[in-house]
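Subject: Structure handover

Hello,

Here is the structure I said I would pass on. My notes on what turned up in it follow below.

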Amino acid sequence: MSTETPTAKLRIGSKWMDSGAANASTPVFNPSTGEIIAKTPVGSVSDVDAAVAAAGDALPEWAETPVVERARVMFAYRELIARHFEELARLVTREHGKTYGEARAEVQRGLEMVEFACSVPVMLSGDTFPQIAESVDGETNRHPVGVCVGITPYNFPHMVPLWMFPIAITCGNTFVLKPSEKVPLSAIRLVELLIQAGLPDGVLNLIHGGKEVVDALLQHRGVAAVSFVGSTSVAKHVYQVGTAAGKRVQAAGGAKNHLIIMPDADVDQSSKALAASAFGCAGQRCMAGSVAIAVGSAAEPLLDQLVGFAGNLKVAPTDNNDAAEMGPVISADHRDRVAGYLATAERAGAKVVLDGRQVDAGDAFLLGPSVVDQVTTDMPLWKEEIFGPVLSVVRADSLQEALAIGKSCPFGNGASIFTSDGYAAREFKRHFNAGMIGINVGVPAPMAWLPFTGWNQSFFGDLHIQGTEGVHFYTRQKMTLTRWFESSSESHHDPVWKSK
């Protein structure tokens, strides 16, 4: 019996196939065991050319398919995802390391995106303006943009691809998906299920690879639009290269999400919400709360409760262990990188009051929750996205000082305030420098029908991911003026531009 580690396949047109990139590959780990469970091919420019060509060939017929029929494929897809819900959640846990509960939540949010895509037909309706000028009617309608590309990160291997291709495809586009090389298995299964749902060949294609493949997609003449989620440095690169090549681009980057705790906040509820925000998914999400700003007298009781609660979380391997409350990070290298921030913070004068480095990791890529007090805005711990289970505590004397700290942050994904004061909540909602706001909510991530509205260095582009903005990104608007002559003898004049 062969024990050879399988290599992830590509889906191009009607076929599953190997990459044209010789035998080069990167390992896919099970973060709970350290075991290599698959290999991802590095990909090649020829893979990109073949996938874009297949998507281009499928585009004319798919774009002309009635939108109701396109939506019916998504209805069938939704049923298949629901039927395979448990399998998909277990797959997320195996290749990413999320807890069972977190993986189930991710699959549910992805399912909601498919449900939202089922409603696309009503969102493609245009406006009509009868008799907008003498004997002239005006109308607008939306059309697909063409071949679209999705480049997705490792932290949500199921949900983030579903932010993209269900809407794009239902809008009449064809698609090329390039998932993270760290987590290809969920993407493969999503493609398999959509094919089973009845999607025609070539409408959705799947390739793998790194920077060479990404740059080839960004510059390919056959690509019309690119969606990206990842770090800020790469998001900026994707936006600059893609737009320079004439593409429509939406690129969501990193974050440094601030959580303000006012003196009148419910300490028990706030500390639990902060722990869930900072340490959920082992801190590997762009909406994780990574900075707690304790205002005035809130600091000491908050730290006591937070350290006590987070310190008792069951940190353990998650694969085949549903009791784990926090799982591993994606790789040993990433674990060591995150741990390095704690050592840097200590040297800079901050105080590690809960040290995740003390967890017994074994073969898993485990790092426990860490809370670091006395962090200041000149420290890397505040300036940089850590993307791990580390919560920095900054102290402020007032709400206005807390808002000023937020304003100085170059990122702008999300922020939350914990308070019972309506005035403080309103001031925060109006003035904090971020696109997604929570009031007594630890993770203000939007549901499928709302846009993922990152600001500043957290997003590059004009139209955001999800919601109506997502539909507008994957379509372009056409305006038509129509005039019918009463008879051939009618004298010609321009009814729109005529002078009085």
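What is the volume of the largest pocket? The answer is about 760 Å³. Please keep in mind that this is a predicted model, and that every value here is computed from it.

Largest pocket

The lining of the largest pocket is made up of 34 residues, and those closest to its centre are Pro153, Tyr154, Gly230, Ser231 and Val234. The largest share comes from α9, which contributes four residues. Sorted by class, the lining holds 12 nonpolar, 14 polar and eight charged residues.

Is Pro153 buried or exposed? Pro153 counts as buried because its relative accessible area is 12%, under the 20% cut-off. Leaving out residues up to four places away in sequence, Pro153 touches Val160, Ser180, Val183, Val229 and Gly230. Gly230 is 77 residues from Pro153 along the chain, yet 5.5 Å separates their C-alpha atoms. Both Pro153 and Gly230 are listed among the residues closest to the centre of the largest pocket.

The crossing of α8 past α9 is right-handed. On the α8 side the contact is made by Lys211, Val214, Asp215, Leu218 and Gln219, and on the α9 side by His237, Val238, Val241 and Gly242. By class, the residues of this contact are four nonpolar, three polar and two charged.

Second largest pocket

The second largest pocket holds about 450 Å³ of space. Of its 24 lining residues, Arg109, Phe156, Arg285, Val443 and Ala445 are the closest to the centre. At least two lining residues come from each of α4 (100–118), α6 (159–170) and α10 (267–279). Which element gives the most to this lining? It is α4, with four residues. The class count is 15 nonpolar, four polar and five charged residues.

Helix α6 also contains Thr170. Thr170 has a relative accessible area of 0% and is therefore buried. Apart from neighbours within four places in sequence, the contacts of Thr170 are Val67, Arg70, Ala71, Met74, Ala117 and Val120.

Cavities

How many cavities of 30 Å³ or more does a search of the whole structure find? The search finds four.

The largest cavity contains about 80 Å³ of space. It is lined by 13 residues, of which Arg285, Ala288, Ser290, Glu385 and Phe387 are the closest to its centre. Six of the lining residues are nonpolar, four are polar and three are charged. Arg285 is also listed among the residues closest to the centre of the second largest pocket.

The second largest cavity contains about 60 Å³. Its lining also has 13 residues, and the closest to the centre are Lys256, His258, Phe411, Gly412 and Phe432. Here the classes are five nonpolar, seven polar and one charged.

Phe387 sits in the loop between α13 (380–383) and β16 (390–396). With a relative accessible area of 18%, Phe387 is classed as buried.

Asn456 likewise has a positive phi, about 55 degrees, although it is not a glycine. The loop that holds Asn456 runs between β18 (436–439) and β19 (459–460). Is Asn456 buried or partly exposed? Asn456 is partly exposed, because its relative accessible area is 33%, which falls between the 20% and 50% limits.

Regards

Definitions and conventions. Residues are numbered from 1 along each chain as its sequence is written. This is a predicted model: local features need pLDDT of at least 70, side-chain atom pairs count only at pLDDT 80 or more; totals for chains, interfaces and linings use all residues. Side-chain values use heavy atoms; hydrogens and water are left out. On a 1 Å grid over the protein atoms alone, a cavity is a set of points where a 1.4 Å probe fits but cannot get out, and a pocket is an open set with protein on both sides within 12 Å along at least five of seven lines; lining residues have an atom within 4 Å of a point. Grid points are joined across faces, edges and corners, and a volume is the space filled by probe spheres set on the points. Ala, Val, Leu, Ile, Met, Phe, Trp, Tyr, Cys and Pro count as nonpolar, Asp, Glu, Lys and Arg as charged, and the others, Gly among them, as polar. A crossing is left-handed if the near helix is turned anticlockwise from the far one by less than a right angle, and right-handed if clockwise. Contact means heavy atoms within 4.5 Å. Buried means under 20% relative accessible area, exposed over 50%, partly exposed in between (1.4 Å probe, protein chains only).
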